Amino acid sequence: MMTEPAYAAGDDACDSPNYRPYFPFLTLKCVGRPLYRTREARNYACLLDLDPSVISWRCITYALADNHGPERYYVDFIVEKDDGHLLVEVWDREPGSTKWISTLAEQFECRYQAVLMSEIRKQPRLQNARDLLRYAGYDAALGDRIRILAALDELGSLTLAECLSVVRDGRPMQTVAAMILTGHIEVELDEELLGPDTVVRRASR
C-alpha cells in the first residue's frame with residue numbers, strides 16, 4: 001500500500017499563491033480540488049484524464065518533505081496507474097538531476113516521472129484532449145447514444161461529421177465528445193487533430 005507523501009513542516013494545505021484552476025476546469029479522474037502550479041501542468045492533466053492506464057490522479061499543492069533531512073521539493077501530481085503510483089513533475093525544459101526526488105519518491109512507494117512538455121506540445125493528442133475536455137460533464141441523451149451505436153454496429157465506423165449528423169435530441173458536438181469521454185465510442189487521438197473525417201468506432205474496451 002502506498003505511503004502518503006508527507007508535506008514540509010509548517011506548510012499550509014496550499015503554500016503557494018501560484019496554484020490556479022486553469023481552463024478547462026472540469027476533469028474526469030481527478031481526486032480532490034484541481035489546482036495547478038502552471039498552465040503546462042494543467043495541459044498534462046488533460047492527458048492523464050484520457051489515458052486508459054490511469055485510474056486517478058491528484059494535484060499536490062504542498063512541498064514534499066524528506067524524512068531524513070531538511071530538503072523540500074515540489075511535484076505536480078500523484079498518479080495511480082494499473083501498475084502502481086507515480087509522482088509526476090511537469091517541466092518546460094530538460095530537467096537537471098532528479099536523483100534526489102527519485103529517492104524521495106521511493107520513500108512513498110512511488111516512481112518519479114519527469115514530463116517534458118516541449119516534446120508533448122508537438123503531438124496532436126494534447127490539443128485533442130483539451131478540445132474534448134471542454135465538454136466534460138455533459139450527458140449524451142439516450143436516444144442519441146442508441147442512434148450512434150446502432151449506426152456503428154451496422155456500418156463498422158462513421159466519420160465524426162456523420163456522427164454529428166445523427167444527433168437529434170442533444171447538441172451534436174457535446175454529445176459525441178461525451179460519448180468519447182465516457183468510453184462508448186473511440187477516435188484516434190495521436191495521428192492528427194480531430195476533424196470532420198476523423199474515424200469513429202465503437203470502443204473496444
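Me: Before we start, what does buried mean here?
Reply: Buried means under 20% relative accessible area. Keep in mind that this is a predicted model.

Me: OK, so which residues of α4 are buried?
Reply: P124, R125, L126, N128, A129, L132 and L133. That makes 7 of the 10 residues in the helix, which spans 124–133, so α4 is mostly covered under that 20% cut-off.

Me: What do those buried residues pack against?
Reply: Three helices: α1 (39–49), α3 (117–120) and α7 (172–181).

Me: Switching to charges. How many salt bridges are there in the whole structure?
Reply: A search finds 8. One of them joins E119 and K122, with the closest N and O atoms 3.5 Å apart.

Me: And which residues are linked in a network?
Reply: D144, R147 and D169. D144 bridges to R147 at 2.9 Å between the closest N and O atoms, and R147 meets D169 at 2.8 Å, N to O. R147 is in helix α5 while D169 sits in the loop between α6 and α7, so this pair ties together parts that are 22 residues apart in sequence.

Me: Where do D144 and R147 sit relative to each other?
Reply: Both are in α5 (142–155), 3 residues apart, about one turn of the helix. Residues three or four places apart point the same way, because an α-helix has 3.6 residues a turn.

Me: Is D144 buried or exposed?
Reply: Buried, at 0% relative accessible area. R147 is partly exposed at 32%, and D169 counts as exposed at 52%.

Me: Last one: which residues form the negative surface patch?
Reply: E162, E186, E188, E191, E192 and D197. Among them, E162 lies in helix α6 (160–166) and is partly exposed, with 38% relative accessibility.

Terms used. Residues numbered from 1 in each chain as written. Predicted model: local features only at pLDDT ≥ 70, side-chain atom pairs only at ≥ 80, totals over all residues. Heavy atoms only, no water. Buried < 20%, exposed > 50% of the residue type's maximum accessible area, 1.4 Å probe, protein only. Helix = DSSP H or I, 4+ residues; strand = E, 2+ residues; numbered from the N terminus. Contact = heavy atoms within 4.5 Å. Patch = residues over 30% accessible without salt bridge, like charges linked within 9 Å, V, L, I, M, F, W, Y side chains within 5 Å. Areas by Shrake-Rupley, 256 points an atom, 1.4 Å probe, with all protein chains shown as cover. Salt bridge = Lys/Arg side-chain N within 4 Å of Asp/Glu carboxyl O. Lys, Arg positive; Asp, Glu negative; His and termini not counted. Charge placed at Lys NZ, Arg CZ, Asp CG, Glu CD.
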